[in-house]
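I opened my notebook to get to know a new structure, and you are welcome to read along.

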Amino acid sequence: MKAIIDGKRYDTDTATEIAAYWNGCGEGDFNRVNEKIYKTAKGAWFIAGSGGARSSYSQSYGNGVSGGEAIRPITADEAIEWLESHNETDALDKYFADHIEDA
């Protein structure tokens, strides 16, 4: 998947995949969500995802709604939040060790 947003190219083929999330819903489920978080060679973070008609990836078509896909640039702080919320401890340790301290 590829997108140009605010003059910057985000490409899942050239960026490094850091982690993935799937909510367990099947391909035909309106609530399905698949997301992957990426880091570009220049250090930008983004999420590439797809989902069903009742997900945040839904798209309107005429009088209806269907599933869709999108790329969303995020900040490093949003990347940390996403990784924490999906229990991606190894990725947090690898990419954000300087933001983590022992309790």
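My entries below go from the whole chain to single residues.

**Ground rules.** I worked from a predicted model, where local features need pLDDT of at least 70 and side-chain atom pairs count only at pLDDT 80 or more, while totals for chains, interfaces and linings use all residues. Residues are numbered from 1 along each chain as its sequence is written, and side-chain values use heavy atoms, with hydrogens and water left out.

**Entry 1: the whole chain.** I looked up the secondary structure and found 2 helices and 8 strands in the protein chain. Helices (H or I, at least four residues) and strands (E, at least two) are DSSP runs, numbered from the N terminus. Read from the N terminus, the order is β-β-β-β-β-β-β-β-α-α. Along its principal axes, the C-alpha trace spans about 50 × 35 × 20 Å.

**Entry 2: surface and interior.** I noted an accessible surface of about 6800 Å² for the protein chain, with 45% of it belonging to carbon and sulfur atoms. Such areas come from the Shrake-Rupley method with a 1.4 Å probe, and for residues only the protein chains shown count as cover. Of the 103 residues, 33% are buried. Here buried means under 20% relative accessible area, exposed means over 50%, and partly exposed lies in between (1.4 Å probe, protein chains only).

**Entry 3: contacts.** Among contacts with a separation of 6 or more, 35% are between residues 24 or more positions apart; a contact means heavy atoms within 4.5 Å. I then picked out Thr40, in the loop between strand E4 (33–39) and strand E5 (45–51). Is Thr40 buried or exposed? Thr40 counts as buried because its relative accessibility is 16%. Leaving aside residues up to four places away in sequence, Thr40 touches Tyr10, Ala15 and Phe46.

**Entry 4: a loop residue.** Next I turned to Asp6, in the loop between strand E1 (2–5) and strand E2 (8–11). Asp6 is exposed, since its relative accessible area is 78%. From C-alpha to C-alpha, Asp6 and Pro73 are 9.9 Å apart in space, though 67 residues apart in sequence.

**Entry 5: salt bridges.** How many salt bridges does a search of the whole structure find? The search gives 2, a salt bridge being a side-chain nitrogen of Lys or Arg within 4 Å of a carboxyl oxygen of Asp or Glu. Lys36 pairs with Glu17, their closest N and O atoms being 3.7 Å apart. This pair links distant parts of the chain, with Lys36 in strand E4 and Glu17 in strand E3 (residues 16–22), 19 residues apart. Lys36 is partly exposed at 34% relative accessibility, and Glu17 is partly exposed at 40%. Arg32 and Glu27 also meet in a salt bridge (3.7 Å, N to O). Arg32 is buried at 9%, whereas Glu27 is exposed at 65%.

**Entry 6: charge.** I noted 10 positive and 18 negative side chains, and the centres of the two sets lie 9 Å apart. Lys and Arg count as positive and Asp and Glu as negative, with His and the chain ends not counted; the place of a charge is NZ of Lys, CZ of Arg, CG of Asp or CD of Glu. On the surface, Asp77, Glu78, Glu81 and Glu84 gather in a patch of negative charge. Patches are made of residues with over 30% relative accessible area and no salt bridge, with like charges joined within 9 Å. Glu78 lies in helix H1 (residues 76–85) and is partly exposed, with a relative accessible area of 38%.

How values were computed
Patch = residues over 30% accessible without salt bridge, like charges linked within 9 Å, V, L, I, M, F, W, Y side chains within 5 Å.
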